Amino acid sequence: MYKELLQKLFSAFPMYHKQGTSAYKEGLENIEELAAMAGHPERKFKSIHVAGTNGKGSVAHLLASCFQEAGYKTALFTSPHLVDFSERIKIDGEQITEKRVLDFFNRYQSDLDRISPSFFEMTTVLAFDYFAAEKVDIAIIEVGLGGRLDSTNIIHPILSVITNISKDHTQLLGSTITEIAREKGGVIKEGVPVVVGETDAESKVVFSEIATKKKTQIYFADEKTVDNTAKSQQIQGDYQKKNIRTFICCTDVLRNYFSFPEDIIEKSIDNLYKNTGLSGRWQILNEKPLAICDVGHNIGAFEITLQQLLRLNRKRVHFVFGMVNDKDIDAVISLFPKDNFLYYCCKADNDRLLAPEVLEEKLKAKGLQTVLCDRVGDAYTAACQAANAEDIIFVGGSFFVVGELLMVDTRNHDAIQPNVSEDV
């Protein structure tokens, strides 16, 4: 029953991560009608709203880990999922059960058919309904896309967070930093404090202007001096240092509302993976050769990831690479190193992914060395066979590439199960 329901959901409801912009429904009318259908569950729990171009998933998971360590019943809503739909909706690290999903759709099927929401709108009200029924103490809600018109923006949180601004989803959010900042700044609410993780001159002006208009306090995490060097060793992606700084700034504000132990920062980070199941962020797949996957998928993420790969100073980097067709792939490829990098062009099972042949053509045009593969699993196997102990294998470019690899690992490759120990 559950598998049949998921198949129906994936085929019947427009899905942005499958179809791209054609599945995006601008406006809050549908989600407001869905919320009314379910008795406005979003009004029945405290929440924190996390937006941003990069890092919002990591910051949301860090906040969830923090509240779990402090003993609060903690809900977490994130997207997209990597392997299983239920990853999106968790309470205290436990994914929503098949029964709860089935119960929701049995209860509201006729209304859902009438309203005809998008997949994300439907998933959002499912999560809110579940969190309200379970009487959570706090819900950490990650924005799906943008902010102002995102389905999650019907909540009235106790804290809003904007991790950073980079050029992504420009066809929907705008082509300039100012335009994108205005869309993401739409999560700032009247009288609700907001933490901004990273700013530049353009976005800071926008956020400050909105905060003044909304009569609320704004905190810029990158203006705070935070010693997180030792703490961040538990999370090895360089970008996580910025996410941790944002997280620490959030906890400073949240102490006005919640009681946290003195050592909450260290415990939240040390037990992040155990508490929340965060995966796909500089995640170790294998030790010899070292294999890492990461879901970063836009130019801002690649700038940091590639710098970190180069600093590892390995003999050769075997890069298993796939990317969706609505990203600025030419800008991303312009960052790719030529020397000692071999790119395995592949495609996840998703219509939005560029065909491997198209990807290879673009990389070759930049003088990059390539290997043409079909599927992600094939590319990873080829990289494993070609790499020696002094090399590194990196898998990335898209959530879907990483998710498909993790799914293959779970089913077929016991020897390369993801390692989410404290050394990751």
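A residue counts as buried when its relative accessible area is under 20%. I start with Tyr130: its relative accessible area is 9%, so Tyr130 is buried. The model I am reading is a predicted one.

**Entry 1: the largest nonpolar core**

I looked up the largest nonpolar core and found 40 residues in it. Phe105, Leu112 and Phe131 touch the most other members. I then noted which elements give two or more residues to this core: helices H1 (2-12), H3 (29-37), H5 (98-115) and H6 (119-133), and strands S2 (74-77), S3 (89-91) and S5 (138-142). Which element gives the largest share? H6 does, with 10 residues.

As background, I wrote down that nonpolar side chains tend to be buried together in soluble globular proteins.

I listed the contacts of Phe105, leaving aside neighbours within four places in sequence. Phe105 is in contact with Leu5, Leu9, Leu112, Met122 and Leu126. Apart from this core I found another, of 32 residues, including Val50, Leu63, Cys66 and Phe258.

**Entry 2: helix H5**

I went along H5 for buried residues and noted Val101, Leu102, Phe104, Phe105, Tyr108, Leu112 and Ile115. H5 also has a kink of about 70°, centred on Tyr108. Just after H5, Ser116 takes a positive phi of about 55°.

**Entry 3: aromatic pairs**

How many aromatic pairs does the structure hold? I have 25.

I took Phe77 and Phe128 as one case. Their ring centres are 6.4 Å apart and their planes are at 70°. Planes over 60 degrees apart count as edge-to-face, so the pair of Phe77 and Phe128 is edge-to-face. Phe77 lies in strand S2 and Phe128 in helix H6, so this pair ties together parts that are 51 residues apart in sequence. Are these two residues buried or exposed? Phe77 has 0% relative accessibility, so Phe77 counts as buried. Phe128 has 1%, so Phe128 counts as buried too.

Next I returned to Tyr130, which forms an aromatic pair with Phe131. The centres are 6.1 Å apart, the planes are at 40°, and the pair is tilted. Phe131 has 0% relative accessibility and so counts as buried.

I also noted a cluster linked by ring pairs. Its members are Trp282, Phe302, Phe319, Phe321, Phe336, Phe341, Tyr343 and Phe394.

**Entry 4: a charge over a ring**

Where does the charged end of Lys204 sit? I found it over the ring of Phe220, 4.9 Å from the ring centre.

Terms used:
Residues numbered from 1 in each chain as written. Predicted model: local features only at pLDDT ≥ 70, side-chain atom pairs only at ≥ 80, totals over all residues. Heavy atoms only, no water. Core = buried A, V, L, I, M, F, W, Y, C linked by side-chain atoms within 4.5 Å. Buried < 20%, exposed > 50% of the residue type's maximum accessible area, 1.4 Å probe, protein only. Helix = DSSP H or I, 4+ residues; strand = E, 2+ residues; numbered from the N terminus. Contact = heavy atoms within 4.5 Å. Phe/Tyr/Trp six-rings, centres within 6.5 Å; stacked < 30°, edge-to-face > 60°. Lys NZ or Arg CZ within 6 Å of the ring centre and 35° of its normal. Bend = angle between axes of the 7 residues up to and from the residue.
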